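Hi everyone, thanks for making time.

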Amino acid sequence: MTETEITQIAAKYYPSAHISGVKVLNNRIIIEFKNLAETPNITAALKQELLSLQPEYKISVVFVEEKNINLGVQAIEKWKIAGVKHIIGVASGKGGVGKSTTAVNLALALANCGKRVALLDADVYGPSVPTMLGYENEPLISDDGTHFKPFCAYGIESMSVGALIDRDTPLIWRGAKACGAIEQLMTETSWGEIDIMVVDMPPGTGDILITLSQRVDFSGIVIVSTPQDIALIDAVKGINMFQKTGTTVLGIVENMSYFICPHCGERADIFGHDGAKYTAESMGEVFLGAIPLEPEIRRTSDAGTPIVAANPDSPHTKAYEEIAQKIIQRIG
Ligand SMILES: Nc1ncnc2c1ncn2[C@@H]1O[C@H](COP(=O)(O)OP(=O)(O)OP(=O)(O)O)[C@@H](O)[C@H]1O
Ligand SMILES: [Mg+2]
């Protein structure tokens, strides 16, 4: 069944003006409605009709609240970030998929490719870069009284929203305040000369992320997803959001892609296989590569010595470096 046919069926059940997306991914049909209250028996009837036509498919119907996104009709002024040539955001539709682990190791891999790299932790919901780079107990300092001095770890410059907050205080910043903090860190840090700044973005598709995509002059966004459907559905929402704000998506990384048994060496696809690759293809985006589910990746980043720095010869380091090379090629 084509996406157009599915859209026509969906329009029999809910007003077509509220259909904001229809996708067929692997063996799943995803229909997204925006700004509409769900009526459970209508959804059930819609699913039933689709299932009667495509019994082998799984059907997901999602309802999203969408604020008005300024589609670039009027130019929004970008933040001025001195000394930084390219900015790459690392984002995920869903939390906990390994966005920060990927951002940190990718930043180090870009440095291994000869670039001067900065890593900004803008994840106001759970800043974890200070732990992963081992600077969480260091104080925030300023040499000139107007600009922060970035933390230096393994040859890259870094700054985190975590440095502005007390670790034991839960963060309850919302929209404007969170964006103000991120703006301050980006524009009032003496970064020096940087080729590529990697930004660990907040997860999801909320207001903060929309503001960042409008205010920061991104060279592009790297989307991190795990292979299972549920994470991919959120990755699709994330990609749609960036496409709408006119932000280039550089591609998708599949994290926790497969597991190599340390005892028998056999490969197991715990969360399924190649889901991110198919998603990338079906959305006209690039598949950047796969990183395995690997205890050493978790151990090293928890210990503040990410694998790319701790174990330069590991095959996992090579996997991050290959993704870094593809990104360098894409941003030119
Ligand atoms: N490829 C991997 N192999 C093994 N463990 C991993 C891998 N990637 C991430 N992890 C582990 O999974 C957990 C979640 O990863 P991480 O904190 O990077 O995710 P996140 O998407 O940034 O999460 P959050 O939404 O909480 O910010 C961490 O304990 C991390 O060490
Ligand atoms: Mg994180």
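**A walk through the strands and the ligand shell**

Let's start with strand 9 (residues 220-225), which pairs with strand 10 in the parallel sense over five bridges. Quick housekeeping on terms: helices (H or I, at least four residues) and strands (E, at least two) are DSSP runs, numbered from the N terminus, and two strands pair if DSSP finds at least two bridges between them.

Before going on, a word on what this is. It's a predicted model, where local features need pLDDT of at least 70 and side-chain atom pairs count only at pLDDT 80 or more, while totals for chains, interfaces and linings use all residues. Residues are numbered from 1 along each chain as its sequence is written, and chains are lettered from A and ligands numbered from 1 in the order in which they are written.

Back to strand 10. In that strand, V249 is the bridge partner of I221. Strand 9, helix 7 (residues 229-244) and strand 10 together form a right-handed β-α-β unit; right-handed here means that, with the strands pointing away from the viewer, the path from the first strand over the helix to the second runs clockwise. Strand 10 also runs parallel to strand 13 (residues 287-291), with four bridges joining them, and there E254 has A290 as its bridge partner.

So is strand 10 buried or exposed? Seven of the seven residues in strand 10 (residues 249-255) are buried, so the rest of the structure largely encloses it. By buried I mean 20 or more other C-beta atoms within 10 Å of the residue's own, with C-beta atoms placed from the backbone; exposed is 12 or fewer, and partly exposed is in between.

Strand 5 runs parallel to strand 8 (residues 194-200) over five bridges, with L120 opposite V199. Strand 5 also runs parallel to strand 7 (residues 156-160), over four bridges, and there A118 stands opposite E157.

Now for something with mixed pairing: an open sheet of three strands, in the order 1-2-3. Its edge strands are strand 1 (19-25) and strand 3 (58-64), each pairing on one side only. Strand 1 and strand 2 (residues 28-34) are antiparallel over six bridges, and G21 has E32 as its bridge partner in strand 2.

On to the ligand. Which residues come nearest to ligand 1? Of the 21 residues around it, the answer is G95, G98, K99, S100 and T101. Around means that the C-beta atom, placed from the backbone, lies within 6 Å of the molecule. Helix 3 (99-112) and helix 9 (295-302) are the elements giving two or more residues to that shell, and helix 9 gives the most, with four.

Last, the whole chain. There are 11 helices and 13 strands, and buried residues make up 42% of the 332 residues. The C-alpha trace spans about 65 × 55 × 40 Å along its principal axes. That's my tour, happy to go back to any part.
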